[in-house]
Amino acid sequence: MAAHRKPRQRSLNGHTARTAATIALAGAATATGFDGIGYAEPQLTSAQVEAKVHKLYEEAEVATEKYNGSKEKAERAERRLGTLRDEAARKEERLNSAREALGSMAAAQYRSGGLDPALQLALSEDPGGYLDGAAFAERAGSRQASNVTRVREQLREIEQLRGAAHVELTSLKARQAELNRHKKTVTGKLGEARRLLSRLTTEERARLMAEGDSGSGGWGAEHASRSSGGAREGLGALGTTGAAGASGASGASGTSGVAQAPNSRAAAAVSYAYQKLGSPYVWGATGPDAFDCSGLIQAAYRSAGLSLPRTTYAQINAGQRVSQSELLPGDLVFFYSGISHVGIYVGHGQMIHAPNPSAPVRVAPLGEMPFAGATRVV
């Protein structure tokens, strides 16, 4: 009988050992990269952090405007759904009343319908009265047929309303799903921006805030507080003469005077914007204490008695387009190729806008961002 011997294990030579070690290390590094533990992120300079944060804020604002649009559509769908349900309920009440009337009539016919009409006439003690009753019964039968037709129509109408309500409910659920997607995008972008900013030292953050004050990127809040005092003092100068302000559209951002608005509504909207200087930026907010960019514009003109759309994409089409050289206080000014940001022009090459979560509502030069267009709504 042949002996069963355990096969001899081959020892690892130097090359094989090195290869195995390399594979093991690579696998460990890959696993670590997947679970996020021990992964060394590249060190970014403060300038790189600033650029990445600005990009994240821009992308978050695009998602915010999409969120605002989806929210507006969802609210409209919800209102239409409520209207359809109310109308269906009213029609069902009328249908139930009609059915009860038909039921009472059918029961009465059943109780009196046991004898042949000719026999009833023969046995009647009052043939004349019977004939009068028969004529009445015939007319009643015609009314009953009409009631049946009306009930059928009501049933069709209710089914149509239920179908329309189902369509609106489907639309509402789709809008709500959009809202959740855009909300997730916004919160993710803003969370990433906060994480990047937290990697900076206090001195670096202070430097970036100072650079924002000088108009290089929209970071600081000090500009808002400094501008608000002098601007509010000059609010009394907001007039309603149409020519003033146009010549200052491309003027220096340091001009301290308050340009005249072309009409009372524009003046009221600009005045409202000045009163909100220093208010925090909160995405999706329309006031009265916090705003996103399009929310501030909507609130400003709402205070002036004018209803504007909710999103930047719709606001740019809410009035007459004007060139940058024709700007007057109260005009809406838009930025970036995607029309994702808006401010209200206040004259002298400046606007008031809600920049991003790192800076409150403030006065800023138009050159702070890539100019995309302007609209006059009054």
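D292 is buried, with a relative accessible area of 0%, where buried denotes under 20% relative accessible area, exposed over 50% and partly exposed the range in between, for a 1.4 Å probe and protein chains only. The structure is a predicted model, in which local features need pLDDT of at least 70 and side-chain atom pairs count only at pLDDT 80 or more, while totals for chains, interfaces and linings use all residues. Residues are numbered from 1 along each chain as its sequence is written, and side-chain values use heavy atoms, with hydrogens and water left out.

D292 forms a salt bridge with R310, the closest N and O atoms being 3.0 Å apart, a salt bridge being a side-chain nitrogen of Lys or Arg within 4 Å of a carboxyl oxygen of Asp or Glu. Because D292 lies in the loop between helix 7 and helix 8 and R310 in the loop between helix 8 and helix 9 (312-315), the pair ties together parts that are 18 residues apart in sequence; helices (H or I, at least four residues) and strands (E, at least two) are DSSP runs numbered from the N terminus. R310, at 8% relative accessibility, likewise counts as buried.

The loop between helix 7 and helix 8 (293-303) also holds V282, which at 37% relative accessibility counts as partly exposed. The C-alpha atoms of V282 and D292 are separated by 5.5 Å, although the two residues are 10 apart along the chain. Leaving aside neighbours within four places in sequence, V282 is in contact (heavy atoms within 4.5 Å) with A290, F291 and D292. Helix 8 itself is mostly covered, 9 of its 11 residues being buried, and just after this helix G305 takes a positive phi of about 85°.

A second salt bridge joins D331 and R376, again with closest N and O atoms 3.0 Å apart. D331 lies in the loop between strand 1 and strand 2 and R376 in strand 6 (residues 371-376), so the pair ties together parts that are 45 residues apart in sequence. D331 is buried at 2% relative accessibility, and its side chain reaches the backbone nitrogen of L328 at 2.8 Å. Not counting residues up to four places away in sequence, D331 touches several residues, including V322, Y345 and T375.

The salt bridges number 7 by this rule. One of them pairs R80 with E168, the closest N and O atoms being 3.0 Å apart, and links helix 2 (residues 46-112) to helix 4 (residues 127-198) across 88 residues. Within this pair R80 is partly exposed at 38% relative accessibility, whereas E168 is buried with a relative accessible area of 14%.

Terms used. A polar contact is a pair of N or O atoms within 3.5 Å; within protein, one must be able to donate a hydrogen and the other to accept it, and residues adjacent in sequence count only if both atoms are side-chain atoms.
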